[in-house]
Amino acid sequence: LSNFGIPEEVVIAESPIDLLSFHQLLRTNDDKILYISTGGVLLNGQIQHLLRLIQENNCITLTIAFDNDIHGKLYTNKLLVALTEGKVQTPVHVSCMEKRYCNLHDKQLREVLNNNVNIRVEYRELGYDLVFRNEEADIDRFNAALLVCINQPITKIQTPILKDFNEDLQLYNRTRQININVNNRHKGINQ
C-alpha cells in the first residue's frame, strides 16, 4: 500500500475476474480504490487481514461484492458479523439448515431479530448459534439489518444481477452490441 497510498474504498469479491468486471461496470474513478479477491473462499485469516487493513488505514468505505448465490450471501454475512464485532467468528459451514456462530451483543441481536428474519437463536455457553432457514432472502434481510450495526467503515453491499459481475458484464456487452446493431440498421449502416 505504500506506493498506492491510503485507499478511500476497499472492494472485496470472490475472484479477480469479478473485480475487473465490477470495475468496468460500476466504477469510473479508480484513484483510491483497493480491490481484494478472496480467491473463491472467505477464510478467517483473510477477514483478520481485512479488518486490520481497514483499521490501520482508516478506510472510508468498504464495498462487499460477493456473488449472488448462497455462498456469496453467507460470505457477506460472515464479513458483516466480523465488522459488527470487530473480530472474526467461527467459520461458515454451508448446509440446508445453515448454522452461523456469532457473538453479537444482546442489543444488536435484538435489533436484528426484530427485523422479522426467519432465523432461530440457540443460546450456547459461549454465545449464540444462529440457524437460518434455507431461504437466501432471509440471509439478505439479516445482512441488511447487520449493516445498521456497523459504524465504521461505511459499508455497502453491491450484489450482481446475475450470479456474478462477470456474467453481468457479459450481459451488458451483449445488450450494448444489440443496441448498436439496431441503431446502425435504423441509420442504414450495414454490419
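**Cores, a helix and a serine in a predicted model**

Me: Which residues touch the most other members in the largest nonpolar core?
Reply: They are L50, L62, L79 and L83, in a core of 22 residues. A nonpolar core is a set of buried Ala, Val, Leu, Ile, Met, Phe, Trp, Tyr and Cys residues joined through side-chain atoms within 4.5 Å. Buried means under 20% relative accessible area, with a 1.4 Å probe and protein chains only.

Me: Which elements give two or more residues to this core?
Reply: They are β1 (9-13), α2 (44-56), β3 (61-64), α3 (70-85) and α5. The largest share, six residues, comes from α3. Helices (H or I, at least four residues) and strands (E, at least two) are DSSP runs, numbered from the N terminus.

Me: And what does L83 touch?
Reply: Not counting residues up to four places away in sequence, L83 touches L51, I54, L62, I150, P153 and T155. Contact means heavy atoms within 4.5 Å.

Me: Where do these values come from?
Reply: This is a predicted model, in which local features need pLDDT of at least 70 and side-chain atom pairs count only at pLDDT 80 or more, while totals for chains, interfaces and linings use all residues. Residues are numbered from 1 along each chain as its sequence is written, and side-chain values use heavy atoms, with hydrogens and water left out.

Me: Back to α5: which of its residues are buried?
Reply: In α5, the buried residues are D138, I139, F142, N143, A145, L146 and C149. They lie on the same side of α5 because they cover an arc of only 165° around the axis; the arc is that of the directions from the helix axis to the C-beta atoms.

Me: How many residues does α5 have?
Reply: Helix α5 spans residues 136-149, which is 14 residues, and reaches 21 Å from its first C-alpha to its last, close to the 20 Å expected at 1.5 Å a residue. The expected span is 1.5 Å times one less than the number of residues.

Me: New topic. Is S21 buried or exposed?
Reply: S21 counts as buried, because its relative accessibility is 2%. This residue is found in helix α1 (residues 16-26).

Me: What does the side chain of S21 make a polar contact with?
Reply: The partner is the side chain of N166, at 3.3 Å. A polar contact is a pair of N or O atoms within 3.5 Å; within protein, one must be able to donate a hydrogen and the other to accept it, and residues adjacent in sequence count only if both atoms are side-chain atoms.

Me: How many helices and strands are there in the protein?
Reply: The protein has six helices and seven strands.

Key. Buried means under 20% relative accessible area, exposed over 50%, partly exposed in between (1.4 Å probe, protein chains only).
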